[in-house]
Amino acid sequence: MSVRYNSVMQLTSSSSLSETDERRLLNDFSYEFGWTPSDRLEVPAIEEVSSIHLVVEHGLENQAVISFLKKPHHELSAEEQRGLLSISYNNLVDWHVQIQSDQVIYTFNRFYPFQMTRREYISKDNLDFLTSEVFQQIIEDRQNSNLPCLDDALIETISFWKRNLSAELGSENITNKELSSLFNAIIFVRAVEDNYRSALLRSNSNVRIDNQVLLQAVREMDSGETFSGVIRQALNMLEQHNISQELIDFPALEAFNPLNRELLFDLIRDFYKIKHAKPYEYDFSLMSKHALSRIYEKYTSVLKRVESDQLSLLTTLPEESNNRALGSIYTPQFIARFFSRYLREQVSHYQFRRLKTLEPSVGSGIFLRTLLEYQCDLTQEGVTTELIKQAFNNVVGVDIDPNACHATILSLSLLHLVLTNQLPLKLNIHNCEAITYYQEQANIRSGFNAVISNPPFISLGDQAEEVREQLSKFIGNHGRGKLDYYLAFLKIALDALEPGGYGLFIIPHGFLVNANSGGIRKLLISEAWIRCIVDLSGVKVFPEVDTYVVLLIFQKKFRLNPEPKAMIAQCRALVSEAFHAVLEDRETDTKMYTTFKVNQSAFNEDTWPLLPPSVWSIHQKLKSLPKISNFMDIKVGVQTGSNKVFIFDEKAVPTEEIDIFIPYLPDKEMLPYSVPKTPSQYLFYPYRHGRRLSSDYISKNFPKTWKLIAKQQEILNKRSAVQKNQIEWWQLERPRHDYIKMPKILTPHLVIRPRFSLDLTGQYGVIRSPVILPKRINARNILDGETLNEGVSDEEISKELLKYFVAILNSTVCYRYISENANRYGGGYTMLEPKRLQDTPVPDPKLVAPKILNRLISLVDIRLEAKGKNMIEIEEEIDNIVSNLYGLTRDEAMSYQIKHDS
């Protein structure tokens, strides 16, 4: 009998297996069919149906629960089927795979009435339908759902009761502290209750508890009993007598003493039956193992929303707004799993289980909790109660938000309870600002094997003044310009790690290229090796914000020779597959992701563009050329302070007053090479011959326009420049009148392909987008004199120079260099900023042979008038000429072609 078939037969047998045999068979099954097991679940309530439930993952994002059935699926009652699917649902896993001796059933558990997604028969000679590859094919078909995810259902229930309790008791009497204490207490007691029940069932004890202990405590309330008394009574029934205030804030619960028993009963009942997913009931013993880490992450994220003048707990979601000053963003679970598995792959099992780990921005504790789940995996040999306690003692979390710390304490405490049937005596979770904690704790230095974090992304504009001062002082000589708050966490990690320790961070993509992070980049490579960077800027990791990220893993230097190479992953899709390639130390190149290795010397550059070795060598060749700033000035467009007021659609402009407007070119209408023949919008521009017109002159000579602007005076008065008396209420904030009407090259601020437009007549105005102009020196000093005819004016020479550089900038070689060294946005977009464009290497026009230069300029003239297929042919010839000017060989030019999305 084959190993594959034997494992299936024994796992689906009704006879009991020893713990050793069961572990061996599960390992055989996972290996033979390509699954990655992440946990083994015990669900005593349905042991007669199935006693073996394996949580598996195919990729780090796609999970399933596999149950091995003891009896045929068609013999299961509706209650037994619901009990099975509840296992996956309560673990926030959408897919349940049920295997019996002769068939496999794949079910999507968020559709009711329940129905099989796919059933396949298996036999000794046909077991392929059990493979993870088949699972991948099944989940690729989009599934319709009519039930919410578990976390959404729970958050909605909490949000519902938050509103109703505030209305019942008066929002002036209920603050965030009381509300968070209430929901934390309910979740905690429910988790203790369900875990207690499961423990009794596992022990085969004759003792049974009421199915709904907390509800029973409400039913038995005396007339004078308080809500905190109900909580204590329920805990006593569950043999938990000395609960610390870190877990339940009993004094804060007194705010809910006025609630009558009927209302409390309705409240508590909603934490048993899932209100918005009627087939299911909450099983916090299952949720506490994995799902609560994700639920608490979202829960804590909502705790950090602003409501009036204080932090709000779970307000109506459409009414919430993000508190930018806190900088916290929901962390996807698959990243937490990737970091944990990366650490597991880098050290021995003995070291991994004993890691000392710091999380300086703990949030809901998702990183620490996920790491502890891996360290304390009961499916692995050698995991004892003492080792579990040691692992929990070895983690330290810090957060400035008390709600985040409380949620972390609850989450980790419940995990400890699930793993050991005991609550931890003490957890090292500290409510403190990270820099302050670091400065006050001398033992933090070189005290940790790992520092893991999704630090707050707080830009300078969102930082309080005292935070700016503290940050600037802490970063010291390693910072310059406008410092982002997350940079401090990288410095903390470098100091906190012992030699050989790992830092694992989610950080903005801008860290790789921005000047303000250059000092920390240099500090990092001086003290650590870069071990891995995963570029997720092409993937929307955080849907609620416009921040695009990379995963940075570094190792503090110690004696090691030779120094390790860094693994780089660039993801356009299939993130989980890219993660697996990294974990397997495998270099690969696909349309969806690329992984490759680079030497540590690649990080000695001013920026880290993450280039494979072949492309990196081309970059070095290009960097030997002069920068475009030697020849051109790169500025920005107009800053109005209120685009809605000052930009007019063409039909809204008074025809007889067109002289007080200039054509406006929005980013979306910019094209490669040419500008539109006719404008669709106009910009109010009260300047003539470089001088601003007076309000009296405008109101007298352009009365219709003045009337339109005056209607918006209230809006315009709110601009900060007006309030600071820097401009009058009707003026543009920064008109750029000294150059905006000159011949120039324009480009959008965000681009997915080169769209440098040539505005030879200087007619168009732009808002904030880059503006590229010839330097204010004699253009004859830039272009070779042999190319110029006698009598050609300086203005015409400047236009020739613009044509030369519009060809360079629109070329695939130049644009790829720009995009590799600029900030990335989702969907392949690149942010073009003047400071970054200034460093673009370009062929020196003075060194271009006159014949080639004239041909290139004439091609631009032809391209400006070309249409259809002819445009593509001309651009290909321009590309070939520019590649030669850059000194690239044919093979280099071919390998350097950038891949554009259609």
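The entries below go from conventions to sheets, then to helix contacts, salt bridges and one aspartate.

**Conventions**

I am working with a predicted model, in which local features need pLDDT of at least 70 and side-chain atom pairs count only at pLDDT 80 or more, while totals for chains, interfaces and linings use all residues. I number residues from 1 along each chain as its sequence is written, and I take side-chain values from heavy atoms, with hydrogens and water left out.

**Entry 1**

Strands here are DSSP runs (E, at least two residues), as helices are (H or I, at least four residues), and both are numbered from the N terminus; two strands pair if DSSP finds at least two bridges between them. As a reminder to myself, strands of a sheet pair through backbone hydrogen bonds, either parallel or antiparallel.

**Entry 2**

I found an open sheet of three strands in the order S20-S22-S21, with antiparallel pairing. Its edge strands are S20 (647-649) and S21 (661-664), each of which pairs on one side only. With direction ignored, neighbouring strands of this sheet are turned by 40° against each other on average. S20 and S22 (residues 681-684) pair over three bridges in the antiparallel sense, and aspartate 649 stands opposite glutamine 681 in S22.

**Entry 2: helix contacts**

How do H6 and H17 lie relative to each other? I read them as roughly parallel, a term that covers angles under 35 degrees. The axes of H6 (residues 176-202) and H17 (residues 402-420) come within 10 Å and cross at roughly 5°. The contact includes Phe188 and Val192 of H6 and Leu410 and Leu414 of H17. I sorted its residues into seven nonpolar, five polar and no charged, with Ala, Val, Leu, Ile, Met, Phe, Trp, Tyr, Cys and Pro counted as nonpolar, Asp, Glu, Lys and Arg as charged, and the others, Gly among them, as polar.

For H29 and H30 (residues 812-820), I found axes that come within 4 Å and cross at roughly 65°. Here Ile808, Leu809 and Asn810 in H29 meet Thr812, Cys814, Tyr815 and Ile818 in H30, which divide into five nonpolar, two polar and no charged.

**Entry 3: salt bridges**

A search of the whole structure gave me 32 salt bridges, each being a side-chain nitrogen of Lys or Arg within 4 Å of a carboxyl oxygen of Asp or Glu. Arginine 197 forms one with glutamate 193, the closest N and O atoms being 3.0 Å apart. Both lie in H6, four residues apart, about one turn of the helix, and both are buried (under 20% relative accessible area, with exposed over 50%, partly exposed in between, a 1.4 Å probe and protein chains only). I also noted that Arg190, Glu193, Asp194 and Arg197 are linked in a network of salt bridges.

Lysine 275 meets aspartate 270 at 3.7 Å, N to O; lysine 275 is partly exposed at 28%, whereas aspartate 270 is buried at 11%. In H29 (residues 794-810), lysine 803 and glutamate 800 are three residues apart, about one helical turn, and form a salt bridge with closest N and O atoms 3.6 Å apart.

**Entry 4: aspartate 759**

Is aspartate 759 buried or exposed? I have it as buried, at 0% relative accessibility, and it lies in S27 (residues 757-759). Not counting residues up to four places away in sequence, aspartate 759 touches Val675, Met742, Pro743, Lys744, Leu746 and Tyr764.

Methods:
Axes fitted to C-alpha atoms, helices over the stretch in contact; angles between N-to-C directions. Parallel < 35°, antiparallel > 145°, perpendicular 65-115°, else oblique. Contact = heavy atoms within 4.5 Å.
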